[in-house]
Amino acid sequence: MIATKISIRQNLELGMAWLWIKSSFATFREKPINFLFFGLSYVLFAFIPIIGIMLTVLVSMRIYFNSSLIQQQQNIGLELNLVSLLRQRNIFSYLLFYMGIYFIILSSFSQLVNSYYGISEITPEILVANPQLLFILFSLSVAQAIFLGVTPLIICFNPQIRLWSALKINWCLLWQNLAVLILALFLLFAIILIPLYLVLNLLLLVNNGVLLGFGLMVLIILLLVSLVITNIFTYQVYQSGLHFSSWQTK
């Protein structure tokens, strides 16, 4: 049996933040069609009630694995192979934990909206009409992403690591390299959100049907690229922020 010890790389230089982002786009450029397919699968699964939430997590894990294969200069296909991921017991444990966190956040958001805004049912139309609700929901999603961080990657690539241990490693990585991670997230969000904001504003000014359709297609592609790049970025943080040492045990 092979045992693995995971340690935190401390005192990462601030320049690592930009390297993570460049590496993420470089990985995406290796197989853009494949990654866009994974991003589209993620979005489509997100519309499926309850089970779709778990499927989106598994799609993210597939993006992690494919990012690793590309880094090893191996070819990747379009297969999702989500069932194969569930063969790892710790992945199933993580899915249950993720679902718990997801519903806690959703319940808290619904309670907040009901208490302060008097809205009992949240619909897309209400979110669009109340931008402050979108900001709150986005903030909660970011908080969840930071809380979990590279935990799913630790789980994916290290089947022997239990969930609680993976969470502790993630929090230690976050705490010991806080400045680099904050800078990296700031740069990532700026690169992602600025093009989305510009395209969205241009769409509001377009009256031509053909141009509007083209603009919507560009917006959808940008959204899918943003989704994929975010997942690849998380893999880059995992790969550079942690050190792995393995040895043979009896």
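Predicted model: local features only at pLDDT ≥ 70, side-chain atom pairs only at ≥ 80, totals over all residues.

Trainee: Let's start with phenylalanine 65: is it buried or exposed?

Mentor: Side-chain atom pairs count only at pLDDT 80 or more, while totals for chains, interfaces and linings use all residues, and side-chain values use heavy atoms, leaving out hydrogens and water. Buried means under 20% relative accessible area, exposed over 50% and partly exposed in between, with a 1.4 Å probe and protein chains only. Phenylalanine 65 has a relative accessible area of 19%, so phenylalanine 65 is buried.

Trainee: How do the rings of phenylalanine 65 and phenylalanine 157 pair: stacked, edge-to-face or tilted?

Mentor: Rings of Phe, Tyr and Trp (its six-membered ring) pair if their centres lie within 6.5 Å; planes under 30 degrees apart are stacked, over 60 edge-to-face and the rest tilted. By this rule the count is twelve aromatic pairs. In this one the ring centres of phenylalanine 65 and phenylalanine 157 are 4.8 Å apart and the planes lie at 55°, so the pair is tilted.

Trainee: How many residues apart are phenylalanine 65 and phenylalanine 157?

Mentor: Helices here are DSSP runs of H or I with at least four residues, strands are runs of E with at least two, and both are numbered from the N terminus. Phenylalanine 65 sits in helix 3 (residues 51-71) and phenylalanine 157 in helix 8 (residues 151-157). The pair therefore links distant parts of the chain, 92 residues apart.

Trainee: Is helix 2 roughly parallel or roughly perpendicular to helix 11?

Mentor: Axes are lines fitted to C-alpha atoms, for helices over the stretch in contact, with angles from 0 to 180 degrees between N-to-C directions. Helix 2 (residues 32-46) and helix 11 pack at about 100°, their axes 9 Å apart. Angles under 35 degrees are roughly parallel, over 145 roughly antiparallel, 65 to 115 roughly perpendicular and the rest oblique. So helix 2 is, relative to helix 11, roughly perpendicular.

Notes
Residues numbered from 1 in each chain as written.
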